Amino acid sequence: MRKITLLSFLLLGMVGGYAQRNAGAVPPPATPQVEKMPPGSRVLNIDSSVTTHSQVTIKGQVVPYDATAGTMPVWDEEGKPVAGVFYTYYERSDIKDRAARPLVISFNGGPGTPSVWMEIGYTGPRRLNIDDEGFPIQPYGVKENNQSILDVADIVYLDPVNTGFSRAVSAAIPTSRFFGVNEDIKYLAQWISTFVSRKNRWASPKFLIGESYGTTRASGLALELQEAQVDVPQRGRACIAYRAGYRAE
């Protein structure tokens, strides 16, 4: 049997306190007025979240953390919400100053794939019970990931529109707003800008990480975030690295 494993990563590091460059790129208010779903609805509110507290042992060190799962809106040019993007945010809870703590922004490839595979298959604090080839093993379930990167960086996993729980607010919203290489990059860059503002993480070094199509998305987001969303001061720096591994048996 021949098995091929292809894994690609692209990371972007942005250091320094970035300032918004143009008025059109300024994210909407932190508490916008959005329509709430009625009780019992199977549709997620597009601006809501739930936080739990836990801990994980990484390389022999106990790491406490807050895990926030929720949705945050995407707005159109008139400030109206057009979609809700689902995310899971892991934040180490014993850190007092986050200015120097990295923030990793993670997504999968596909491009129609949620970030769950990066979260529970690679970098998150919990990992599926799988063998070295990535196949599930019994007993099925999850276990602590002692190789998670949460000891050195906070992580947000985001699901592009129409993956995971991320959806447009109505069927009347044209899919062309989200689907396409450039469209995907544009609205996700705006969403990331809003997320960073809400979480007060502009001073933190930031990294983009993705696999497969995620490398294409990350390279586009690197340019979009620097040129369209933020103005990089001279004391800041951007670093892009690419790694691809191939193995055949």
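I began with Q55, which lies in strand β3 (residues 48-58); helices (H or I, at least four residues) and strands (E, at least two) are DSSP runs, numbered from the N terminus. The model is predicted, so I noted its limits: local features need pLDDT of at least 70, side-chain atom pairs count only at pLDDT 80 or more, and totals for chains, interfaces and linings use all residues. Residues are numbered from 1 along each chain as its sequence is written, and side-chain values use heavy atoms, with hydrogens and water left out.

**Entry: Q55**

I looked up the exposure of Q55 and found a relative accessible area of 45%, which makes the residue partly exposed. The terms are set thus: buried is under 20% relative accessible area, exposed is over 50%, and partly exposed lies in between (1.4 Å probe, protein chains only). I then listed the contacts of Q55 (heavy atoms within 4.5 Å). Leaving aside residues up to four places away in sequence, Q55 touches V62, V63, P64, Y65, R126 and E144. I also checked Q55 against S93, 38 residues apart along the chain; their C-alpha atoms are separated by 9.3 Å.

**Entry: salt bridges**

Side chains of opposite charge can pair when their charged atoms come close. I counted a salt bridge where a side-chain nitrogen of Lys or Arg is within 4 Å of a carboxyl oxygen of Asp or Glu. The count comes to ten salt bridges.

Which residue forms a salt bridge with D94? I found R92, with the closest N and O atoms 2.7 Å apart. D94 is partly exposed at 38% relative accessibility, whereas R92 is buried at 7%.

I next examined D154, which meets R98 in a salt bridge of 2.8 Å, N to O. This pair links distant parts of the chain, 56 residues apart: D154 is in strand β9 (residues 154-158) and R98 in the loop between β5 (81-92) and β6 (103-107). D154 has a relative accessible area of 0% and is buried; R98, at 17%, also counts as buried.

D154 meets R101 in a salt bridge too, at 2.8 Å, N to O. R101 lies in the loop between β5 and β6 and D154 in strand β9, so the pair ties together parts 53 residues apart in sequence. R101 is buried, as is D154. I recorded a network of salt bridges that links E91, R98, R101, D154 and R201.

**Entry: aromatic rings**

I paired rings of Phe, Tyr and Trp (its six-membered ring) if their centres lie within 6.5 Å; planes under 30 degrees apart count as stacked, over 60 as edge-to-face and the rest as tilted. The structure holds eight aromatic pairs. One of them is Y65 with Y90, edge-to-face, at 5.8 Å centre to centre and 70° between the planes. Y65 is in strand β4 (residues 61-75) and Y90 in strand β5, 25 residues apart. Both are buried.

F86 and F165 have ring centres 5.1 Å apart and planes at 65°, so this pair is edge-to-face. F86 lies in strand β5 and F165 in the loop between β9 and β10 (167-168), so the pair ties together parts 79 residues apart in sequence. Is F86 buried or exposed? At 15% relative accessibility, F86 counts as buried, while F165 is exposed at 55%.

I noted one aromatic cluster formed by Y87, Y89, W191 and F195. Last, I looked for a charge over a ring (NZ of Lys or CZ of Arg within 6 Å of the ring centre and within 35 degrees of the ring normal). The charged end of R217 sits over the ring of F107, 5.3 Å from its centre.
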